[in-house]
Amino acid sequence: MASLTLQNISKRFGDVAALSDVSLQVQDGEFCVLLGPSGCGKSTLLNIVAGLNPQDRGTILLDGQAVDQLSPRERDVAMVFQSYALYPHMTVSQNLGFGLHMRGISRAEIEGKVLETARLLGIERLLDRKPRQLSGGQRQRVAMGRALVRRPRLFLLDEPLSNLDAQLRINVRLELKSLHRQIKTTILYVTHDQVEAMTLGDKVVVLRDGRVHQIGTPDTIYNHPADTFVATFVGSPVMNLFQGRIVREGNAFRFRCPDFLFDLRHITLDMEKRDVEVGIRPEDIEFKESGKTLLHATVEMMSNVGADKYVHARLGKSPVTVRAAKDVSYDTGQRISLAVDPNKLHIFHGGRRIG
């Protein structure tokens with residue numbers, strides 16, 4: 001195991017800046033997830049850490065030692081790809097042990113390590129099969145086992161679950177989290193799936209266009225997004241965002257937009273008369289029939305996701321999504337009253353979080 005430090009990593013492909021001054025600290029034994037949309041630079045960064053691509057600028061350190069001039073083999077990292085990349089003519093046992101064989105390890109030691117890893121992953125009964133005889137989930141376990149059997153300093157996983165169906169992805173995700181607790185190894189994991197990131201990661205790094213937008217725990221990323229991109233990228237359905245202005249009325253500050261007005265708290269005086277965006281999660285809006293600060297919306301449709309329902313409505317011309325209990329039902333065009341807790345608002349100015 002090893003700690004990983006990235007210092008101002010930059011990479012260009014022609015006129016395109018794939019990565020711009022990416023800095024990151026991953027502690028020994030930490031599960032760190034790189035999260036972002038396609039083309040944001042996640043896989044490029046993983047390949048640079050692995051030594052498969054050189055960076056244009058910056059430094060990579062493992063346990064405080066620079067490894068920029070080392071080959072992938074010398075860095076002692078293991079990578080698991082989206083495609084399983086198994087050797088089709090080899091058995092599971094041979095696939096697991098191939099890397100050890102290439103390093104000149106004795107046959108007896110290889111057999112012991114392969115069996116130990118297979119038991120850890122629950123695939124010991126598959127050792128004599130070939131990849132074509134395995135399901136997608138089993139192939140993924142073999143791919144992870146081939147990396148795990150070497151006990152490298154660092155694991156790099158590039159969207160390893162994206163080829164699995166939805167239910168199997170959930171199962172393997174739980175297994176991967178459990179496996180990490182057992183082996184306590186350092187993992188750098190790439191995904192565009194926010195649920196995967198929030199479920200697996202001790203630390204989440206949100207990327208867009210080659211730049212880091214926020215680094216934090218899943219709770220911090222969700223509850224205190226650093227900017228409007230993180231606020232709308234993490235969370236499903238996405239956070240409601242409303243554009244307007246902070247105004248002062250007597251001793252109180254309020255948010256005013258063309259469609260509604262509501263009270264704010266914890267706002268500094270220098271934000272008075274500034275244009276802002278106010279965000280609120282669908283689960284932080286309540287249905288209420290009476291009160292002084294209610295917002296009145298018109299229902300457009302409802303979506304049923306099983307345990308919850310979501311009401312899609314409009315506050316004037318502004319769309320709003322509200323989480324509702326599974327037994328709630330509204331008709332299209334029905335008027336509803338909503339209440340917002342000022343303490344649960346997210347306020348952004350120039351795209352960045354304030355307060």
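Reply: Start with Pro237, which is found in the loop between helix H9 (228–233) and strand S11 (240–249). Keep in mind that the model is predicted. The peptide bond joining Ser236 to Pro237 is cis. Its omega is about -5°.

Next come two residues with positive phi. Arg151 is one of them: its phi is near 50°, and it is not a glycine. Look for Arg151 in the loop that runs from helix H5 (136–148) to strand S7 (154–158). Is Arg151 buried, partly exposed or exposed? Its relative accessibility is 40%. That value falls between the 20% and 50% cut-offs, so Arg151 counts as partly exposed.

Now move to the other end of S7. Glu159 sits in the loop between S7 and helix H6 (166–183). Glu159 is not a glycine either, yet its phi is positive, at about 45°. Its relative accessible area is 13%. Buried means under 20%, so Glu159 is buried.

Gln65 belongs to strand S5, which covers residues 65–66. Gln65 has 55% relative accessibility. The exposed class begins over 50%, so Gln65 counts as exposed. Where does the chain bring Gln65 in relation to Leu4? In sequence, the two are 61 residues apart. In space, their C-alpha atoms are 9.4 Å apart.

Terms used. Residues are numbered from 1 along each chain as its sequence is written. This is a predicted model: local features need pLDDT of at least 70, side-chain atom pairs count only at pLDDT 80 or more; totals for chains, interfaces and linings use all residues. Side-chain values use heavy atoms; hydrogens and water are left out. Helices (H or I, at least four residues) and strands (E, at least two) are DSSP runs, numbered from the N terminus. Buried means under 20% relative accessible area, exposed over 50%, partly exposed in between (1.4 Å probe, protein chains only).
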